[in-house]
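Reader: I have a model open and would like to learn how to read its features one at a time. Could we walk through it together?

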Amino acid sequence: MSFSQEPTPAPVAEPHTEEAADSDSRAGRLSVCTKVCYGIGGVPNQVASSASAFYLQLFLLDVARIPAAQVSLALFGGKVSGAVADPVAGFFINKSRRTRAGRLMPWALGCMPLIALAYFFLWFLPPFTSLHGLWYVTFYCLYQALSTFFQVPYTALTMILTPSPRERDSATAYRMTMEMAGTLMGATVHGLLVSGAHGSRRCEDSVLAGSAAVSPDVARLYCIAAAVVALTYPVCGGLLCLGVKERPDASAPASGPGLSFFTGLAITSRHPPYLSLVVSFLFISAAVQVEQSYLVLFCTHASRLQEHVQSLVLTILISAVLSTPMWERVLQRFGKRTSAFGICIMVPFSILLAAVPSAPVAYVVAFVSGVSIAVSLLLPWSMLPDVVDDFQLQHRHGPGVETIFYSSYVFFTKLSGAGALGISTLSLEFAGYKARACQQAEEVVVTLKVLIGAVPTCMILIGLCILMVGPTPKTPSQDTSSQLSLRRRTSYSLA
């Protein structure tokens, strides 16, 4: 198939009466209950990813006592497996047929119990010691891949819930707010349950000067925390199933045959607004992941803030949750590109924390970082539906495009996070990191300062520059949005 063919001109729509326009407007509105239930559906993944983002690296290094090189392999392998699972998920979802529950919902709901099991065993300390590295690589890869098979259809639901761009932005804001709350809950619950496993006492009570023994209760604490997080999957999955329904309009004909996944991937990856969005957030999302992953290690080993770790994590997440509704209003009032500058607010403060690692500075940095992280998470999911609409205005390719866009976007961002986390963790091995050492070498301290300050700063600035110079997707009119939504919803109703 040739990719250079001219787009097929759109058929001329018949004029709408005022009654029809009002009916379309009412049909495009989502109830608060639907938005809340849709947002709740994404909570478990955020609870689990929050706990793993802040504490998994510390668990693998200081509790499981895996060498830093193997931890780097585990983190890199897990992120890559999640990234590879994105196009695979998009391919299978694109090929799947509609059921009574819809086309996307069965995928999202069916993955939840499997994710819960994989997540629990990720924090389980096996009785054997020789294959610890293989155990955690296996279950982290499974967890990341299964999470992807949930996240792709779940996020793609946004495109078929309503034809209104404003309502889609509102649903996205509800989802991001609930997910932020899930992130807060994950870090809080997990942190409180395992707080006794880490702290300054372990060094003061240690007989050996350079190493501290693992408490016999540490493994049990981590298992309890993992079980509590795993229980959120069936609870939130039930609310998602009850509150959100796929309602396709089977009375309208399809606009054309759907694209095969790989043909669609080749075409969508050439769309300039999509390329700009993906490349910019490759850097920005990787910066956020590095900042999250190394905050706990920085406070524990590069500063005397280990007693403040839980409070700092909570400050970041509370700030992010509270600022998400504010950023939604900023997006609506000033535009999405202008709002992107909110991401760089954290840049000078991250450098300040690396230079002056004191408690007052750390709390200020945590609050500002939460505000920046909120807009960095909300912005791409608000811009992606606009990019999909812009693509469909220029191309008449039929059903399946939304899944391709969403799965490939998550693929690229996860791949960038895998590279960033893998390389940065490997740098700790080269610097001489020692598991559960009470005092790390100066090279390790310097490495952690660079990872918490300079690395995220450079990535954020590069990503913002790419986003600002890239093309802007065109926003469709209300009538055009309704037509695009009708095509989408109809495509998901076909057998």
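Reader: Which residues does Trp123 touch, not counting residues up to four places away in sequence?

Author: Contact means heavy atoms within 4.5 Å. By that rule, Trp123 touches Ala51, Ser52, Tyr55, Leu56, Phe59, His190, Tyr222, Cys223 and Ala226. A word on the source: this is a predicted model, in which local features need pLDDT of at least 70 and side-chain atom pairs count only at pLDDT 80 or more, while totals for chains, interfaces and linings use all residues. Residues are numbered from 1 along each chain as its sequence is written, and side-chain values use heavy atoms, with hydrogens and water left out.

Reader: Is Trp123 buried or exposed?

Author: Buried means under 20% relative accessible area, exposed over 50%, and partly exposed in between, with a 1.4 Å probe and protein chains only. Trp123 has 0% relative accessibility, so it counts as buried. Of the 495 residues of the protein chain, 57% count as buried.

Reader: Which residues have the most contacts inside the largest nonpolar core?

Author: A nonpolar core is a set of buried Ala, Val, Leu, Ile, Met, Phe, Trp, Tyr and Cys residues joined through side-chain atoms within 4.5 Å. The largest one here has 134 residues, and Trp123, Tyr143, Tyr294 and Val313 have the most contacts inside it.

Reader: How many aromatic pairs does the structure hold?

Author: Rings of Phe, Tyr and Trp (its six-membered ring) pair if their centres lie within 6.5 Å; planes under 30 degrees apart count as stacked, over 60 as edge-to-face and the rest as tilted. The structure holds 18 such pairs. In one of them, the ring centres of Phe59 and Tyr222 are 4.6 Å apart and the planes are at 45°, so this pair is tilted. Phe59 belongs to helix α3 (residues 43-63) and Tyr222 to helix α10 (residues 218-243), 163 residues apart. Both Phe59 and Tyr222 are buried. Trp123 and Tyr222 form a stacked pair, with 5.7 Å centre to centre and 10° between the planes. Since Trp123 lies in the loop between α5 (105-122) and α6 (132-156) and Tyr222 in helix α10, the pair ties together parts that are 99 residues apart in sequence. Ring pairs also link Phe59, Tyr119, Trp123, Tyr136, Tyr140, Tyr143 and Tyr222 into a cluster.

Reader: How many helices and strands are there in the protein chain?

Author: Helices (H or I, at least four residues) and strands (E, at least two) are DSSP runs, numbered from the N terminus. The protein chain has 20 helices and zero strands.

Reader: Which residues of helix α15 are buried?

Author: An α-helix has 3.6 residues a turn, so residues three or four places apart point the same way. In α15 (residues 346-355), the buried ones are Met346, Val347, Ser350, Leu353 and Ala354. They cover an arc of only 125° around the axis (taken from the directions from the helix axis to the C-beta atoms), which puts them on the same side of α15. Their cover includes α12 (272-302), α16 (359-394), α18 (442-452) and α19 (454-469).

Reader: What joins the side chains of Ser170 and Lys35?

Author: A polar contact is a pair of N or O atoms within 3.5 Å; within protein, one must be able to donate a hydrogen and the other to accept it, and residues adjacent in sequence count only if both atoms are side-chain atoms. Ser170 and Lys35 are joined by one of 2.9 Å. Ser170 lies in helix α8 (residues 165-193) and is buried, with a relative accessible area of 11%.
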